[in-house]
Amino acid sequence: MPRIVKCCHLTIGPKLMQSYISCFLPGANRIVLQDSNILQPMGLTVLRDHLYWIDRQQQMIERVDKLTGEGRTRIQGRISYLTSIHAAEEIDPQEFASHPCSRDNGGCSHICIAKGDGTSTCSCPMHLVLLQDLLHCGEPPTCSTEQFTCSTGEIGCIPMAWRCDGFPECDDGSDEENCPICSAFQLQCDEGSCIDAQKRCDGVPDCPDKSDEHECNSTFTHY
């Protein structure tokens, strides 16, 4: 049976109805855990078999079974200025010793993440990038405004026109990730962004890479 990997609260409709939903990757088996008497949820956390949340307006902490949503229980009330909630528990020393990140932080310079197969992978804070050795974090390359910055690998900067062109040029393929999908009424620039299709070859470059004015048959004169 797949493991619950994500819990979230959703704000739906004009009445700001909040509900807690659990699901499996990649989003199947959605189950509404709670959708009543939730006024101002400010944070969620999971500990063992329960989902915990805080309600700032009601000034309390509650929990339910993370799989079924049953057994709703108020843990503590009359707590002012609630902003977030985190869960932590003591780890058995033997279990910690077998964790792939327990020794030398998994060889990572910053963040070590355990994978499902028992191995580890390294990650970096938002202001740094993972270097080619996949262990150490470093400053991102300084690319010009006409270039795209690759997330990792030896290739640091590529022309912006290569961004989202269907061919990965970055070592890690980051130039082909999170590409926008243009509608039928839009033109996709060579660098990946979308503009109004009517702006194609109108004599004024609207794409960041000016690709909307490439290969135009008409000649425009600006005064």
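Which loop holds Asn 105? Asn 105 is found in the loop between α1 (93–97) and β8 (111–114). I will come back to that residue.

Some ground rules. This is a predicted model, where local features need pLDDT of at least 70, side-chain atom pairs count only at pLDDT 80 or more, and totals for chains, interfaces and linings use all residues. Residues are numbered from 1 along each chain as its sequence is written, and side-chain values use heavy atoms, leaving out hydrogens and water.

Now the overview. Buried means under 20% relative accessible area, exposed means over 50%, and partly exposed is in between, with a 1.4 Å probe and protein chains only. The exposed surface comes to about 15,200 Å², with 51% supplied by carbon and sulfur atoms. That area is from the Shrake-Rupley method with a 1.4 Å probe. On contacts, take those with a separation of 6 or more: residues 24 or more positions apart account for 18%. A contact is heavy atoms within 4.5 Å.

Next, the sheet. Four strands form an open sheet, in the order β4-β5-β6-β7, with antiparallel pairing. β4 and β7 stand at the edges with a single partner strand each, so one side of each has no neighbour in the sheet. On average, neighbouring strands here are turned by 20° against each other, direction ignored. The axes behind that angle are lines fitted to C-alpha atoms. Look at β4 and β5: six bridges join them. Pairing needs at least two DSSP bridges between the strands. One example is Thr 45, whose bridge partner in β5 is Tyr 52.

On to charges. The structure holds two salt bridges. The criterion is a side-chain nitrogen of Lys or Arg within 4 Å of a carboxyl oxygen of Asp or Glu.

Arg 48 pairs with Glu 89, closest N and O atoms 2.7 Å apart. Arg 48 sits in the loop between β4 (41–47) and β5 (50–55), and Glu 89 in the loop between β7 (73–77) and α1, so the pair ties together parts 41 residues apart in sequence. Arg 48 is exposed, at 61% relative accessible area. Glu 89 is partly exposed, at 41%.

The other pair is Glu 62 with Arg 72, at 2.9 Å between the closest N and O atoms. Glu 62 lies in strand β6 (residues 60–65) and Arg 72 in the loop between β6 and β7, so this pair ties together parts 10 residues apart in sequence. Glu 62 is buried, at 7%. Arg 72 is partly exposed, at 26%.

So what about Asp 175, and which side chain of opposite charge is nearest? Asp 175 is buried yet has no salt bridge, and the nearest such side chain, Arg 163, is 6.8 Å away. Asp 175 lies in the loop between β13 (157–159) and β14 (186–188). Beyond neighbours within four places in sequence, its contacts include Phe 148, Ile 158, Trp 162, Cys 164 and Cys 170.

Last, backbone angles. Back to Asn 105: its phi is near 55°, a positive value in a residue other than glycine. Asn 105 is partly exposed, at 30% relative accessible area. Lys 210 also has a positive phi, near 65°. Lys 210 is found in the segment after β15 (194–196).

Conventions:
Helices (H or I, at least four residues) and strands (E, at least two) are DSSP runs, numbered from the N terminus. Axes are lines fitted to C-alpha atoms, for helices over the stretch in contact, and angles run from 0 to 180 degrees between N-to-C directions. Lys and Arg count as positive and Asp and Glu as negative; His and the chain ends are not counted.
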